[in-house]
Amino acid sequence: MEFPICTTLGIEFPLLAFSHCRDVVVEVSKAGGMGVLGAANMTPETLAIELDWIDAQIGGLPYGVDLIVPNKMATQDESLNEADMLAAVPAGHKKFAGDVLANHDIQTSNMDQEALAKAEIIGNNLRVSGAAKLLEIAFSHPIRLIVNALGTPPEIMLDMGKEHGVPVGALVGARQQAIEQVKAGVDVLIVAGTEAGGHCGDVSTMVLVPEVCEAIAPLREVPVLAAGGIVTGRQMAATMAMGAAGVWAGSVWLTTHEAETSGSVKDKMISAGSRDTIRSRSRTGKHSRQLRSPWTEAWEKDGPEPLPMPLQSLVAEPALARIAKLAEGGHAGAKELDTYWVGQGVGLMNTRDSVRNVVFGFKKDYVEACERLVKYLGD
Ligand SMILES: Cc1cc2nc3c(=O)[nH]c(=O)nc-3n(C[C@H](O)[C@H](O)[C@H](O)COP(=O)(O)O)c2cc1C
């Protein structure tokens, strides 16, 4: 098999894995794909520790880093203060989150403390100095791809990519965003349909991938990685038939032995069907797809209007972290509420397996799908 994007990235099979878990990153790269570490919520110190660990384990194989670097860094003012951010969260939002927890026998003391710690990381990463520090750490490691999660990568990211000879990728969920990113100079587009876990738009992968390929063709040759709902090799083959150069998958790793997900969430994902996710603004303020639970249902049914990014995270993340911790310890109410980002492909994620086996499964299924299509060509 020969894939041009594999030559660019130095890998064998064009399957890129987004993961917040360093073990998943290493295992995917070792199996012939490329692991990309999601570092949006890390401090520079944590990112350095994680990348040093990856370097020690990965045996020189290629891997990447995914960050959220704000586009208009020049206007992100250095005086963003954690206490001010927290003060901007209306009392009604905090009360609503607290009531959902209390209704499930979870105590709500010290939530403000935890929100403050969260605000510190978010605040730092949004500042010019903080975001630049993350980039500096990423580029001081032998990364082979850097990706910006939301919006067009800022110039500093594009410049550092060029300087270090590292391709710069960016996620898009709509045709127009793709055109803007290509004009801005990105090297790889990750085109995520509405099926995707985490932030997503409202157009399906089936429509968005060919739509973007067609829209960018007259501008410049930029490889497209298809994303959103892809958990098998046959889906990979389908998106590549539509013009994608490869695939970017995030959800499929969440039920692997190596993933960061708790046992309680893994069980929920394994028994979930494709209709058991919801695209909601209640977690980050922007639409993101996650597992349905009484937590998401409460916000959809009776919750206050979600706050703009990053304020909604200051309400949701401390509560969800507490839920996850208690659920892991067997707390009944927390187990009910527990949720995590996952895409509609969860309906096809029916067993716990190793990352290595998932990658091998993708390869085998991809080849079989291609052979099926070739047979239709006749003699
Ligand atoms: C648990 C989880 C967390 C995510 N966090 C981020 C993130 O921090 N940055 C980012 O660029 N994408 C993030 N995503 C989205 C992925 O990059 C990708 O678009 C998505 O997983 C693809 O669809 P799939 O989940 O159906 O494979 C996340 C996805 C999941 C499942």
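**How the features are defined**

Guide: Aspartate 112 and lysine 94 form a salt bridge, with their closest N and O atoms 3.6 Å apart. This is a predicted model, in which local features need pLDDT of at least 70 and side-chain atom pairs count only at pLDDT 80 or more, while totals for chains, interfaces and linings use all residues. Residues are numbered from 1 along each chain as its sequence is written, and side-chain values use heavy atoms, with hydrogens and water left out.

Visitor: Why is the contact of aspartate 112 with lysine 94 called a salt bridge?

Guide: A salt bridge is a side-chain nitrogen of Lys or Arg within 4 Å of a carboxyl oxygen of Asp or Glu. The distance here is 3.6 Å, so the pair meets that limit of 4 Å. Aspartate 112 belongs to helix H6 (residues 111-126) and lysine 94 to helix H5 (residues 91-102), so the pair ties together parts that are 18 residues apart in sequence. Helices here are DSSP runs (H or I, at least four residues), numbered from the N terminus. By the salt-bridge rule, the count comes to 12.

Visitor: Which residues surrounding the ligand are the closest?

Guide: The ligand is surrounded by 18 residues, the closest being Asp66, Gly229, Trp248, Gly250 and Ser251. A residue is counted as near if one of its heavy atoms lies within 4 Å.

Visitor: What is the value of phi at aspartate 105, and where does this residue lie?

Guide: Phi of aspartate 105 is near 60°, a positive value in a residue other than glycine. Most residues other than glycine have a negative phi, and most peptide bonds are trans. Aspartate 105 is placed in the loop between H5 and H6.

Visitor: Which residues does the cis peptide bond join?

Guide: The cis bond joins methionine 309 and proline 310, with omega about 5°. Proline 310 is in the loop between helix H13 (294-302) and helix H14 (311-328).

Terms used:
Helix = DSSP H or I, 4+ residues; strand = E, 2+ residues; numbered from the N terminus.
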